[in-house]
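Hi,

I am passing a structure on to you, and I hope you enjoy looking through it.

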Amino acid sequence: MPTPDHVLALRAHVGHALLWLPGVTAVVLREVDGRTQVLLVRRADNGAWTPVTGIVDPGEDPARAGAREVLEEADVVAVPERLARVHALPPMRYDNGDEAQYLDHTYRFAWVSGEPRPADGENTAAAWFDLDALPPMSEEMLARVRVALPARGEAVFDA
């Protein structure tokens, strides 16, 4: 995945030290013939199916960042409907030695237009999946999808 310029600038100063970064997950939903479908992308770096995720740029609203990421990564226009979860992820180390920890903001988005495709090289596939026919996904990514489903109306703030 390409590293945003502002993160590269920080890395020039702090090396591989732990960076605390705001992240966003966009769980994009649509209704087709009475079935709810979710937009998923297959990551180019590890082959995992996930909702669209990304890093929030400096000064950017997380909901706008989610809409931007959906358009950039999947060529789909979507609008945020609600904040579903705020969750601190565990620290991680990338293959190059960089350390990061993300504060993820998961939003439910509504599909507006566009047919999904891997639009920017960060993903090898993008597709709609019925909720009862999801591809294998990590428990963390499944949790992000679950909290965004229509049956839940409140935001979840993990303790």
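This is a predicted model: local features need pLDDT of at least 70, side-chain atom pairs count only at pLDDT 80 or more; totals for chains, interfaces and linings use all residues.

Residues are numbered from 1 along each chain as its sequence is written, and side-chain values use heavy atoms, leaving out hydrogens and water.

The protein chain has three helices and nine strands; these are DSSP runs, with at least four residues (H or I) for a helix and at least two (E) for a strand, numbered from the N terminus. Their order from the N terminus is α-β-β-β-β-α-β-β-β-β-α-β.

Across the whole structure there are 13 salt bridges, each being a side-chain nitrogen of Lys or Arg within 4 Å of a carboxyl oxygen of Asp or Glu. One of them joins arginine 30 and glutamate 115, with the closest N and O atoms 3.7 Å apart. Arginine 30 is in strand 1 and glutamate 115 in the loop between strands 7 and 8, so this pair ties together parts 85 residues apart in sequence.

Is arginine 30 buried or exposed? Arginine 30 is buried, at 17% relative accessibility, whereas glutamate 115 is exposed, at 52%. Buried means under 20% relative accessible area, exposed over 50%, and partly exposed in between (1.4 Å probe, protein chains only).

Another salt bridge pairs arginine 85 with glutamate 140 (2.4 Å, N to O). This one links strand 5 to helix 3, 55 residues apart.

Best wishes
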